Amino acid sequence: MARNLAVDLYSDTQTRPSPAMRAAMAGAEVGDEQRDEDPTVLELCHMVADLLGKEAALFLPSGTMCNEIAYRTHTSPGDEIILHAWSHAMHFETGAPAALSGVMLRTVDGARGMFGAEQIRGAIRRVGNHQQRSRLLSVENTTNLGGGAVWDLDDLAAVTAAARAAGLATHMDGARLMNAVVASGQSASAFARDFDSVWIDMSKGLGAPVGAVLAGSTEFIAEARRHKHQFGGAMRQAGIIAAGGVYALRHNVERLAEDHDNARRLAEGISKVPGVHVDLSAVETNMVYFDVDVEAERLSGALLGHGVRIGPMGPNRLRAVTHLDVDANGIATAVNAVGEAMRSLRSGD
Ligand SMILES: *Cc1c(COP(=O)(O)O)cnc(C)c1O
């Protein structure tokens, strides 16, 4: 279906590797990744460990596996992980924290997928004989269901300090951390500083077809590697896919600014359409969440008729995500399509 679309704003996972990225992948040096002998995988891991200011890194097939292996490595069955109620791991990982690590999840609320240190202190359980052990704080940056919001460094320092003071480990789901970096001008290592583990996704805005990289201390990564094997994530000549990640880090980071500009252009454009409400101040990176006074499913369906895909995220809520396969013309097409589709849905055509 995606092939017939003029503009696919369903997610930044919809990118296709460019000819240059494919060439880099085709020409990649490879070896046995399970034996730590794939030079391209090692190169990617070094790049990401450096970028995030960590000792070591591990190449994994997906971001979901990064979260789940980190959870498995930081916790024991019966432990509790504190995370935002809208977290990816809470909703979109098929209950894996329970299934694979036997842990409980304790959620906290807060605007735009974020929360404060007081909430973390309130959620941490007192040590005793009856309660499960609070073990890990898990933070998303940027927030996904929170609308692509970027955490403030001081707020990150405060919530991680609250966790550490009670002996919790800290984990950052940085699926879109590079969007936070480009939007804020802060370095990735500054965002990652107070986290024991952190990962970035190669297959979101960075535009590679497969893979994510989890980073942490040498000791953490050694243990995570065992769980990678246990979860069936150890690969063989994985340099073919890691090369897409190496290429992405070299060529596709700075350009995330274009995605952010396009998201803003889209938000401003559709904010003028009658029946659409979008909080422009909440558009910080490459996501635009908006509310409509028609059924979101019907609008999404009508947009497909115009060659534009935008996914429904609730009865009256939709999400559009910009990425490297959508340019300013595509945004203009999408804005027009939203205008026309809304007009016809609201007039009952
Ligand atoms: C996409 C996403 C994930 C999962 O990454 P995959 O590579 O799709 O498995 C995890 N967390 C967040 C915040 C995401 O947006």
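Leaving aside neighbours within four places in sequence, which residues is K54 in contact with? Here are a few notes on that and on some ring geometry.

1. A word on the basis: this is a predicted model, where local features need pLDDT of at least 70, side-chain atom pairs count only at pLDDT 80 or more, and totals for chains, interfaces and linings use all residues. Residues are numbered from 1 along each chain as its sequence is written, and side-chain values use heavy atoms, with hydrogens and water left out.

2. K54 sits in the loop between α2 (39-52) and β2 (56-60); helices (H or I, at least four residues) and strands (E, at least two) are DSSP runs numbered from the N terminus. With those sequence neighbours set aside, its contacts (heavy atoms within 4.5 Å) are A49, A192, R193, F195, V198, A215 and G216.

3. K54 is buried but has no salt bridge, and D196, the nearest side chain of opposite charge, is 6.7 Å away. Buried means under 20% relative accessible area with a 1.4 Å probe, protein chains only; a salt bridge needs a side-chain nitrogen of Lys or Arg within 4 Å of a carboxyl oxygen of Asp or Glu. Lys and Arg count as positive, Asp and Glu as negative, while His and the chain ends are not counted. The K54 side chain does reach the backbone oxygen of A192, at 2.9 Å.

4. There is one aromatic pair (ring centres within 6.5 Å; planes under 30 degrees apart are stacked, over 60 edge-to-face, the rest tilted). The ring centres of F115 and W151 are 5.1 Å apart with planes at 75°, so the pair is edge-to-face. Both partners are buried, F115 at 8% relative accessibility and W151 at 2%.

Terms used:
Buried means under 20% relative accessible area, exposed over 50%, partly exposed in between (1.4 Å probe, protein chains only). A polar contact is a pair of N or O atoms within 3.5 Å; within protein, one must be able to donate a hydrogen and the other to accept it, and residues adjacent in sequence count only if both atoms are side-chain atoms. Rings of Phe, Tyr and Trp (its six-membered ring) pair if their centres lie within 6.5 Å; planes under 30 degrees apart count as stacked, over 60 as edge-to-face and the rest as tilted.
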